[in-house]
Amino acid sequence: MSAARSAHKGNKAALPSKPCAVCGRPMTWRRAWAKNWDAVRYCSEACRRNRSQAEGPVGTLHDNA
Ligand SMILES: [Zn+2]
């Protein structure tokens, strides 16, 4: 039995991460995003829905002034 095994093996810091486009929270790479990590912009479904709010309403610019 070899009792001397390297303690640090997990390279979690090597995982890519980027801020959510809506809430700005850092989201860490997930295996589920492996195929479309480049297209992922939101940390959660809630943020994806909030995207429209972040971009601002569209179509209601003509308010009676
Ligand atoms: Zn978010």
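Keep in mind that the model is predicted.

**Exercise 1.** Work out which secondary-structure elements the protein has and in what pattern they follow along the sequence.

*Solution.* Start with the inventory: there are two strands and one helix. Next, read along the sequence, and you get β-β-α. Now bring in confidence: strand β1 (residues 17–19) has the highest mean pLDDT among the elements, at 96, while α1 has the lowest, at 81.

**Exercise 2.** Find the share of buried residues in the protein, then decide: is Cys43 buried or exposed?

*Solution.* Then zoom in on Cys43 and count its C-beta neighbours inside 10 Å, which gives 20. The cut-off for buried is 20 or more. Cys43 therefore counts as buried, because it has 20 such neighbours.

**Exercise 3.** Locate Cys43 and list its contacts beyond four places in sequence.

*Solution.* Now skip neighbours within four places in sequence; Cys43 is then in contact with Cys20, Cys23, Arg25 and Met27. For a distance check, take Val22: it lies 21 residues from Cys43 in sequence, and their C-alpha atoms are 8.4 Å apart.

**Exercise 4.** What percentage of contacts with a separation of 6 or more comes from residues 24 or more positions apart?

*Solution.* Take the protein's contacts with a separation of 6 or more, then pick out those between residues 24 or more positions apart: they account for 20%.

Methods:
Residues numbered from 1 in each chain as written. Predicted model: local features only at pLDDT ≥ 70, side-chain atom pairs only at ≥ 80, totals over all residues. Contact = placed C-beta atoms within 7 Å. Buried ≥ 20, exposed ≤ 12 C-beta atoms within 10 Å, placed from the backbone. pLDDT = per-residue confidence, 0-100.
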